[in-house]
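These are my notebook entries on one structure. I set down what I looked up, topic by topic.

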Amino acid sequence: MFPEIRLRRLRKGKIRDLVRETILSVDDLVMPIFVNENIDSPVEISSMPGIYNLPLSQVAKEAKEIADLGIPAVILFGVPAFKDAEGSSSCGEADVVQEAVRRIKAELGDRLVVITDICMCEFTSHGHCGIVDFETKEVLNDPTLEVLGKIAVSHAKAGADMVAPSGMMDGMVAAIREALDIAGFENIPIMSYAAKYHSCFYGPFREAAESGYSFGDRSTYQMDPANGDEAIREVTLDVTEGADILMVKPALPYLDIVYRVKSEFGMPTAAYNVSGEYSMIKAAAARGWIDEKKAIYESLVSIKRAGADFIITYFAKDAARMLK
């Protein structure tokens with residue numbers, strides 16, 4: 001008890017560094033990349049200052065810049081030139097994500113882990129994450145699973161190091177694991193968006209990936225923000241189906257879920273520091289309301305402290321420069 005115990009003794013100078021419990025490293029970061037078949041030069045995303053849609057011709061250059069900063073991995077999102085109701089531009093050998101993977105691997109080889117997002121929303125004309133019954137306006141779970149398997153195999157064939165299903169379809173991890181194994185890609189890991197919430201914080205991503213939906217919303221397949229126990233059920237199913245890494249998305253409003261997932265499963269756990277979280281800090285910093293660098297660090301270290309082994313974040317390049 002005070003005055004014998006004074007916790008302030010450990011907060012002076014280098015002593016503070018010695019007793020720091022959570023260390024944020026560049027090795028904890030994954031940078032998203034948006035690659036767009038419809039453009040010839042980089043286009044800044046208006047709601048995400050400093051983040052760009054890139055043409056295929058620029059994707060390897062961007063990946064090299066990321067690798068040169070010491071960031072170990074990227075996750076790719078693609079915007080195709082052609083969209084239809086079935087998302088047919090998602091799984092061809094020469095489609096946008098597949099070509100981006102090949103170009104990055106040709107330039108960097110194993111210097112950079114290339115993760116690919118497995119979802120249909122960027123490739124469908126209706127913007128939903130699966131096959132749609134337009135009479136009932138229902139996103140059909142089971143018919144979507146076969147397509148997700150095809151996408152995953154096409155990414156693996158192109159050279160992806162890891163696939164990350166994000167559509168929150170029941171059974172998606174099992175379907176993708178089976179498709180990969182049959183195709184001879186049994187060593188490709190699956191990072192599942194295991195607890196993905198129906199969140200307003202995805203707003204700027206819709207602009208970046210041109211994936212706004214034409215009707216309804218995604219509340220029938222993404223999770224209710226009010227539910228925590230349901231997240232554990234979702235994660236349990238993905239673990240049973242063969243997920244290698246578990247992800248919680250978004251990160252900051254769901255740090256309790258990150259903590260629970262890491263504590264209860266003890267598996268590699270990722271958190272996605274999403275577009276809305278990025279844009280809020282950028283907007284507040286631009287108005288002089290907060291210190292941008294300190295806000296980035298505090299946000300990312302809190303995600304790490306909650307239990308995330310690594311963080312997918314649009315701040316990855318900024319944070320890497322700060323940490324160096």
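I began with the terms for exposure: a residue is buried under 20% relative accessible area, exposed over 50%, and partly exposed in between. The model I consulted is a predicted one.

**Entry 1: a surface patch.** I looked up Leu10 and found a relative accessibility of 44%, so Leu10 counts as partly exposed. Leu10 is placed in the segment before α1 (13-18). Together with Ile15, Leu18 and Val19, Leu10 makes a nonpolar surface patch of about 370 Å².

**Entry 2: aromatic rings.** How many aromatic pairs are there? Rings count as a pair if their centres lie within 6.5 Å, and by this rule I noted seven aromatic pairs. In one of them, Tyr197 and Tyr254 are stacked, with 4.1 Å from centre to centre and 15° between the planes. Tyr197 belongs to the loop between β9 (191-196) and α6 (203-209), and Tyr254 to the loop between β10 (245-249) and α8 (255-265), so this pair ties together parts that are 57 residues apart in sequence.

**Entry 3: charges over rings.** The charged end of Lys249 sits over the ring of Tyr272, 4.5 Å from the ring centre. Arg287 lies over the face of Trp289, at 5.8 Å from the ring centre.

**Entry 4: strand β9.** I checked the burial of β9 and found that six of its six residues are buried, so β9 is largely enclosed by the rest of the structure. β9 pairs with β10 in the parallel sense, over four bridges. I traced one partner: Met191 is bridged to Ile245 in β10.

**Entry 5: backbone exceptions.** Most residues other than glycine have a negative phi, and most peptide bonds are trans. I therefore listed the exceptions to this general rule. The peptide bond from Phe2 to Pro3 is cis, with omega near 10°, and Pro3 is in the segment before α1. The bond from Lys249 to Pro250 is also cis, with omega near -5°; Pro250 lies in the loop between β10 and α8. Lys137, which is not a glycine, has a positive phi of about 55°. Lys137 is in the loop between β6 (131-133) and β7 (138-140) and is exposed, at 54%. Met168 likewise has a positive phi of about 55°, but Met168 is buried, at 5%. The place of Met168 is the loop between β8 (162-165) and α5 (172-182).

Conventions: Residues are numbered from 1 along each chain as its sequence is written. This is a predicted model: local features need pLDDT of at least 70, side-chain atom pairs count only at pLDDT 80 or more; totals for chains, interfaces and linings use all residues. Side-chain values use heavy atoms; hydrogens and water are left out. Patches are made of residues with over 30% relative accessible area and no salt bridge: like charges are joined within 9 Å, nonpolar side chains (Val, Leu, Ile, Met, Phe, Trp, Tyr) within 5 Å. Accessible areas come from the Shrake-Rupley method with a 1.4 Å probe; for residues, only the protein chains shown count as cover. A salt bridge is a side-chain nitrogen of Lys or Arg within 4 Å of a carboxyl oxygen of Asp or Glu. Helices (H or I, at least four residues) and strands (E, at least two) are DSSP runs, numbered from the N terminus. Buried means under 20% relative accessible area, exposed over 50%, partly exposed in between (1.4 Å probe, protein chains only). Rings of Phe, Tyr and Trp (its six-membered ring) pair if their centres lie within 6.5 Å; planes under 30 degrees apart count as stacked, over 60 as edge-to-face and the rest as tilted. A charge sits over a ring if NZ of Lys or CZ of Arg is within 6 Å of the ring centre and within 35 degrees of the ring normal. Two strands pair if DSSP finds at least two bridges between them.
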